[in-house]
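Me: Can you walk me through this one? Here it is.

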Amino acid sequence: MSYRYMNKSELARLAGVSLSTFSRYLKTRCHILTRMGISPHAQKLPPSAIKFLAEDYGIDIPEESERKTEKFR
């Protein structure tokens, strides 16, 4: 699966939690994200971070074609 850049709010929505809840989770992974070269204040996360967070938090990231149809529902 290929990952794309995503906003933290979009990732929180896919995880089924509020942005504030997701932000608290991200604070527990701050040291890992910093080592990946990602600022704690970044709003958009790169594909490498999306892959790590999806695997760590158990987030199902839909395929690109599924995301496009979801926007029109």
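**Chat notes**

Reply: Start just after H4: Gly-58 there takes a positive phi of about 80 degrees. Helices are DSSP runs of H or I with at least four residues, strands are runs of E with at least two, and both are numbered from the N terminus.

Me: What kind of model is it, and what are the cut-offs?

Reply: The model is predicted; local features need pLDDT of at least 70, side-chain atom pairs count only at pLDDT 80 or more, and totals for chains, interfaces and linings use all residues. Residues are numbered from 1 along each chain as its sequence is written, and side-chain values use heavy atoms, with hydrogens and water left out.

Me: OK. What's the order of elements from the N terminus on?

Reply: The run is β-α-α-α-β-α-α. That comes to 5 helices and 2 strands.

Me: Back to H4. Which of its residues are buried?

Reply: Ala-49, Ile-50, Leu-53 and Ala-54. Buried means under 20% relative accessible area, with a 1.4 Å probe and protein chains only.

Me: Where do they sit around the axis?

Reply: On the same side of H4, because they cover an arc of only 130 degrees around the axis. The arc is that of the directions from the helix axis to the C-beta atoms.

Me: And what do they pack against?

Reply: Strand S1 (6–7), H1, H2, helix H3 (30–35) and strand S2 (44–45).

Me: At what angle do H1 and H2 pack?

Reply: Helix H1 (residues 8–15) and helix H2 (residues 19–28) pack at about 100 degrees, axes 9 Å apart. So H1 is roughly perpendicular to H2, a label for angles of 65 to 115 degrees. Axes are lines fitted to C-alpha atoms over the stretch in contact, and angles run from 0 to 180 degrees between N-to-C directions.

Me: Which residues make that contact?

Reply: Lys-8, Ser-9, Leu-11 and Ala-12 from H1 meet Leu-19, Phe-22 and Leu-26 from H2. Contact means heavy atoms within 4.5 Å.

Me: New topic. Is Pro-62 buried or exposed?

Reply: Pro-62 is buried, at a relative accessible area of 11%. Its place is the loop between helix H4 (47–57) and helix H5 (64–71).

Me: How many residues apart along the chain are Pro-62 and Leu-14?

Reply: They are 48 apart, with 8.8 Å between their C-alpha atoms.

Me: And for the protein overall, what share of residues is buried?

Reply: Buried residues make up 29% of the 73. Among contacts with a separation of 6 or more, 64% come from residues 24 or more positions apart.

Conventions. Buried means under 20% relative accessible area, exposed over 50%, partly exposed in between (1.4 Å probe, protein chains only). Angles under 35 degrees count as roughly parallel, over 145 as roughly antiparallel, 65 to 115 as roughly perpendicular and the rest as oblique.
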